[in-house]
Amino acid sequence: MTKLKKLVGACTVAMATLGATLTAEAATWRYAFEEAITDVQGVYASKFKEYIEANSDHSIQLFPYGTLGESADIMEQTQAGLLQFVDQSPGFTGSLIPEAQIFFIPYLLPETHEALDHFFRNSKAINETFKATYAEHGLELLKMFPEGEVVITTQEEFKKPADLDGVKVRVMTNPLLVESYKAFGATPTPLPWGEVYGGLQTNIIQGQENPLFWVESAKMYEVTDVLTFTGHNNFTTAVMANKNFYDGLPAEDQKLVQDAMDAAFDHIMEYQQGLSERSLEKIMEQKPEMKVVRLSEEERAPFRAAAEEVEAKFIEMTGDSGKALLEQFKKDLEAAKAQ
C-alpha cells in the first residue's frame, strides 16, 4: 500500500511538472479578473487580449467575475498554474502579502488623474519592491493601476466619524481596511462580494465602499440612499502571472506580455478620464432622489487624522519591510505630485 501511495505521489508530481511545461507553451492563455467584462478590469483585460492576439499566434481566454468563483478562488487557481494571469485587488491579496495593504492607508494616494498616472508608471515601490515581494509567493507582478476614486454609499448621511457609530460598513477581508473603518468610527463587516447587495437590502449592513463605476454597475444605489465623496482613496488593482509560467516563456513572449500590459495601461488611463462623472450621471438617471454628499476639507479633517492611526497599524502589521516600503511609497508620491 505504501509503495502504491509513493507511486501515485510521484505520478502526481510528474503530471504537475508536465502541466506547467505545457502551460508555458500553450497557445491559449487563461486570464481571470474580479469584475464584469464591461467594467474597468474587463476593459483592461480586453485590451491586453487584443494586443496579444494582434501581435502573436497566442490567444487569450477571459474569465470575468463569477465564472471561476470568488477572488480567493482565482488567486488559488493562478498559484496552482490553472490560470496564467489574474487581476486581483491588493484588498484581497493583502491576506497573502501583508505589504499590499499599503493601498488601504486612507488619504495616501494622490487625487488627481495626472499624479496617479505618474505614480503608477514610475513608482519604485510598485515596479521594483513589490515585484520582488510578489515573486516570493509564486506571482509575477506585471502591472498595477488605479480604477477610480472610492466613494461610500450608506442608508443615512454622515459628515463626521461620530455619525458612523454603529453603522456596519461592508469591507473586503483585509485587516488594514478593517482598521480603517474602525478609525473612521464605523463597524467594519467583512463580507464576500456576492452577499453585499442582499446584506444592504436586509439591513445586515448599512454601507459599502467602491469606485463609482462599480456602484453604478453593481447597482449599489438601489439598496443605499446616500453617496458620499470622502476623498480617502482610489481603488487599486494588480495584474499578475503565475511565475513558473512566466519564467518558462521565451524572451520574445515575455516582451510581448510586457508590451501588451503597457498598451492596456495606456488605454485604461485614458478610458478612466471622466468615467466617475459618467457613472454618477447614470446613477442619478436611475435614482434621482439619491443624495450626493461631498465632504469639505474641514469635514474631511477628522478622517484624515484617523489615517495616521491606520498608518501606524500598517507598520505594526508589516514590520521593517512595511516601514521601508511606506518610506519609498511617500518618496514616489512626492515625485508624482510635483509633476
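Trainee: Is Phe120 buried or exposed?
Mentor: Phe120 counts as buried, because its relative accessibility is 1% and buried means under 20% relative accessible area, using a 1.4 Å probe and protein chains only. Phe119 is buried too, with a relative accessible area of 1%. Keep in mind that this is a predicted model, where local features need pLDDT of at least 70, side-chain atom pairs count only at pLDDT 80 or more, and totals for chains, interfaces and linings use all residues. Residues are numbered from 1 along each chain as its sequence is written, and side-chain values use heavy atoms, leaving out hydrogens and water.

Trainee: OK, how many aromatic pairs does a search of the whole structure find?
Mentor: The search finds 19. Rings of Phe, Tyr and Trp (its six-membered ring) pair if their centres lie within 6.5 Å; planes under 30 degrees apart are stacked, over 60 edge-to-face, and the rest tilted.

Trainee: Why is the pair of Phe85 and Phe245 edge-to-face?
Mentor: Because their planes are at 85 degrees, with the ring centres 5.6 Å apart. Both Phe85 and Phe245 are buried.

Trainee: And which residues form one aromatic cluster?
Mentor: Trp29, Tyr31, Phe33, Phe48, Phe85 and Phe245.

Trainee: New topic: where does the charged end of Arg294 sit?
Mentor: Over the ring of Phe229, 3.9 Å from its centre. That takes NZ of Lys or CZ of Arg within 6 Å of the ring centre and within 35 degrees of the ring normal. Lys143 has its charged end over the ring of Phe265, 5.4 Å from the centre.

Notes. Buried means under 20% relative accessible area, exposed over 50%, partly exposed in between (1.4 Å probe, protein chains only).
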